[in-house]
Amino acid sequence: PPLIRLEDYRPSAFLIDRVNLDIVLDPHATRITADLALRPNPAGAPDGPLHLDGDDLTLVGLDLDGAPVPGADYAVDASGLTLHRPPRRPFMLRVVTEVDPTANTKLMGLYRTDGVYCTQCEADGFRRITYFLDRPDVMAVYTTRIEARREEAPVLLGNGNPVEAGPVGEDRHYAVWHDPHPKPAYLFAVVGGRLGKVEAPFRTMEGRDVTCAVYVEPGREDRAGYALDAVIRSMQWDERAFGRAYDLDVFNVVAVSAFNMGAMENKGLNIFNDKYVLAVPETATDADYANIEAIIAHEYFHNWSGNRVTCRDWFQLCLKEGLTVFRDQEFSSDMRSRPVHRIGEVRSLRARQFPEDAGPLRHPVRPNAYAEINNFYTATVYDKGAEIVRMLRTLIGPAAFRAGMDRYFADNDGRAATVEDFLAAFATVTGRDLSAFARWYERPGTPRLSAQGAYDAAARRYTLHLAQALPTEGPPLVIPVALGLVGAGGPLDGATCASAADGVFILDRIEAELVFENVTEEPVPSLLRDFSAPVRLDLALSDAQRLRLLARDSDPFNRWQAAQDVALRLILAPDAARTDAFAEALGTFLDGEALADPAFAALVLALPTEAEAADALSGDIDPDAIHRARHALRAHLGRALAPRLTRIDAALAPAEGASYSPDAASAGRRALRNAALDLMAAGDPQAGAALATRRLDAATNMTDRLAALATIAQIPGEAREAALASFGERYAHEPLVLDKWFALQATIPEEGTLARIAALKGHPAFAMTNPNRVRALIGSFSMGNPTQFARADGSGFALVADTVKALDSANPQIAARLLTAFGSWRRLEKNRRQAAAEMLNGIKAVPGLSRDVADILVRTLK
Ligand code: DPP
Ligand code: ZN
């Protein structure tokens, strides 16, 4: 597929200032009349023809300033509509199009899901509604009239504020919405359908009264309360943390069941995948509640970082996504435990972004070319993008960071901005040159930071040598390294280092030497505290030194990291004596702290994943060997820690009749108790299965029920099959719960899983047309079952490849996303590598592949 390049960016030749839409909803023939106020762009070069983007549209009418455009004056093709000789003055264009929302399986543009009309326009879905300058630097004020049969769509929602509504004849009605804030087309949305709602008032710090509402399938209103509460808390937090107030009279969230993304930040009308809205304790886990809170916040925060200040072009996607992820992470950290949340952020960065940055789909946080923008909604743009913002704050300090954010919003409000505009705001308020820091946006790959220390006891001096290395050529990056020294009894607070006065050293050269004075004993360095930069750290420490950090460091992140590092080495190079020592250290840790901070303790007990172990290997990957080694380590630890785990289990048992609360402290207790159960079961599968079965029966909420089921699912036998069957029956009419059940079965690391998945594809609740179902059954398999996905006989690869082929024409975005599971195929051992290559080439041979899939395929095979 052809590439679109950042260097080719040119301002649009024309602008559109106002858009008046009249949308008459119909299941198969929805008619859209768009009145567009166009004018030449003074910053553009409006001398050629005018091309309006369009995709899969039927053109019904075209008028210019009230007169039909003669057929000879325009042309329509697969990419849109061209006016050969547009006026060189402001003019009105009326475009009438027709679309079939029921036939829209791509879920881009206007479509129907469970009878509800909804839209998805990011990145380029608006061109599937009408012909338009579908690019984010064309911003217009929208007025939208929506009409429908009242019976079919009693609720009609648009962007902005409701203006008027009323009947049309006997059985139809309409509503008009006006959005006073100019916006790019990707933020446009309409919804029509039978929906129930919950609502709550909010008064902004500017005194504006806002009605917040969450719309869901009728009868599910009791499941929308948590999301609504998260909306209110997000509004409060953005005022307090960033001084940002909401700017319309209503804020609506709508949950729909078929949605390609997690959610979408359309102005005043966020549309959500129902997975990230609906929650009651019977159907949602603690993780679901945390995700709902985070994603509600994320989409709400886009109102400023994305909507009021949008992106000039799609190369700047990180400008809104990286920044907004950073903002939602800060929000969740304030709502929950900051260190626990930070560990979660880093785990997900390492699970998704590090492999991406090391594989064929690697790209800079701001890419400089793309074939299909939908393939760039990646962990790199989002999560590494957020890490860059976090490093910027570390670099300039929180006060200057806040001042810079204020400046950014003030200077760019109502504009389509660039990464340069963002950095300029911080350069202005600090007077600093941020051009070296800006390299983070341009350089793909994860840097390595290596460290070596030497202690001079006589001089009471510790010297630390730091060096950075990048996988790609170029000047050094600016890496903030938060650090400290830890002695046998704890942090050596008396030690001083002139170049890291406040505990952070800025490594802006290839290498540097730090000198610590007044170091009273040989220390263990604690580097990259709180994961101060998204790099891989090479620091040779013994187990004993790492376990000192676990026991004594003041930085919770590095305490957790130390245990992870020891465990990772034991997976890569098993050793019984060292495992005993590790178990003893974990035991001491649990005795001292497990009950004081259960959420943190649960993370310490969670060993590195098989994917992380694979990522850390230097040679070819054999997923079976990694699985065996990790399993053996868990079994060893489970046996060694059994008495303690039993005590934890008892101590954290909920009180009889206690009601469920999704708050972080309660969730932490459940997390530790369930982690203990899982480790006990690894040590003694027989007893573990029995205990987990009892826990499954006694569970009063989905968190505990699913955790018990997950433990049972790892232990082959009749108990497992019975438990899975009864869970499936109990939730036969709860698609979101069945997704968990699909995912759990898809990730069983056994040969029989392929047959299980084949059978589950025929389950009445499974549907290839619903992205959540496909992700649960097939996506979980490809991303979460390394031994079976990468089977040497190729059958695991074939399952995923067949799904990609089957989905490609119906929903290319989801097909392409599934295909990214092959990203690490070249690192596999020879037989598996060959099998993967065969499957990828088999997809390549399919005629008429979508641009989405072709793009991922070409890059993966390169
Ligand atoms: N809706 C997606 C997100 O918020 C894309 N903007 O990240
Ligand atoms: Zn976003």
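**Strand β4 (residues 50–53) runs antiparallel to strand β8 (residues 80–83), joined by 4 bridges.** The model is predicted: local features need pLDDT of at least 70, side-chain atom pairs count only at pLDDT 80 or more, and totals for chains, interfaces and linings use all residues. Residues are numbered from 1 along each chain as its sequence is written, while chains are lettered from A and ligands numbered from 1 in the order in which they are written. Leu 52 has Leu 81 of β8 as its bridge partner. On β8 there is also strand β7 (residues 74–77), paired in the antiparallel sense over 4 bridges. Ala 75 stands opposite Thr 82 in that pairing. A hairpin of 2 residues links β7 to β8. Helices (H or I, at least four residues) and strands (E, at least two) are DSSP runs, numbered from the N terminus. Two strands pair if DSSP finds at least two bridges between them.

**An open sheet of 8 strands has mixed pairing.** Its order is β6-β5-β9-β3-β2-β12-β15-β14. The edges are β6 and β14 (161–168), each of which pairs on one side only. Inside the order, strand β2 (residues 14–24) and strand β3 (residues 30–40) run antiparallel, with 10 bridges. Val 19 stands opposite Leu 36 of β3.

**Strand β5 (residues 58–64) is joined to strand β9 (residues 91–99) by 6 bridges and to strand β6 (residues 67–68) by 2.** The β5–β9 strands run antiparallel, and so do β5 and β6. Leu 64 takes part in both pairings: its bridge partner in β9 is Leu 93, and in β6 it stands opposite Ala 67. β5 and β6 form a hairpin with 2 residues between them. One turn residue, Asp 65, has a positive phi of about 45°.

**Two loops hold backbone exceptions.** Most residues other than glycine have a negative phi, and most peptide bonds are trans. Glu 122 and Ala 123 are joined by a cis peptide bond, with omega about 0°. Ala 123 sits in the loop between β11 (116–120) and β12 (140–149). Asp 530 is not a glycine, yet its phi is positive, about 55°. The loop that holds Asp 530 lies between β32 (524–527) and β33 (536–539).

**Helix α1 (residues 225–242) packs on a sheet, touching β17, β18 and β19 (250–256).** The sheet is open, with 5 strands in the order β17-β18-β19-β21-β20 and mixed pairing. Its edge strands, β17 (196–203) and β20 (263–264), each pair on one side only. β17 and strand β18 (residues 209–216) run antiparallel over 8 bridges. Gly 196 has Val 216 of β18 as its bridge partner. The direction of α1 makes about 20° with that of β17. Axes are lines fitted to C-alpha atoms, for helices over the stretch in contact, and angles run from 0 to 180 degrees between N-to-C directions. Residues are in contact if their C-beta atoms, placed from the backbone, lie within 7 Å.

**Helix α4 (residues 338–358) and helix α12 (residues 598–605) come within 9 Å, axis to axis, and cross at roughly 30°.** They are therefore roughly parallel to each other. Angles under 35 degrees count as roughly parallel, over 145 as roughly antiparallel, 65 to 115 as roughly perpendicular and the rest as oblique. The crossing of α4 past α12 is left-handed: that is, the near helix is turned anticlockwise from the far one by less than a right angle, clockwise being right-handed. Pro 339, Val 340 and Ile 343 of α4 meet Ala 599, Phe 600 and Leu 603 of α12. The contact has 6 nonpolar, no polar and no charged residues. Ala, Val, Leu, Ile, Met, Phe, Trp, Tyr, Cys and Pro count as nonpolar, Asp, Glu, Lys and Arg as charged, and the others, Gly among them, as polar.

**Helix α9 (residues 543–552) packs against helix α10 (residues 556–572) at about 150°, with the axes 7 Å apart.** The two are therefore roughly antiparallel to each other. α9 passes α10 in a left-handed crossing. From α9 come Asp 543, Arg 546, Leu 547, Leu 549 and Leu 550. They meet Asn 558, Arg 559, Ala 562, Ala 563, Asp 565 and Val 566 of α10. By class, this contact has 6 nonpolar, 1 polar and 4 charged residues.

Notes. Contact = placed C-beta atoms within 7 Å.
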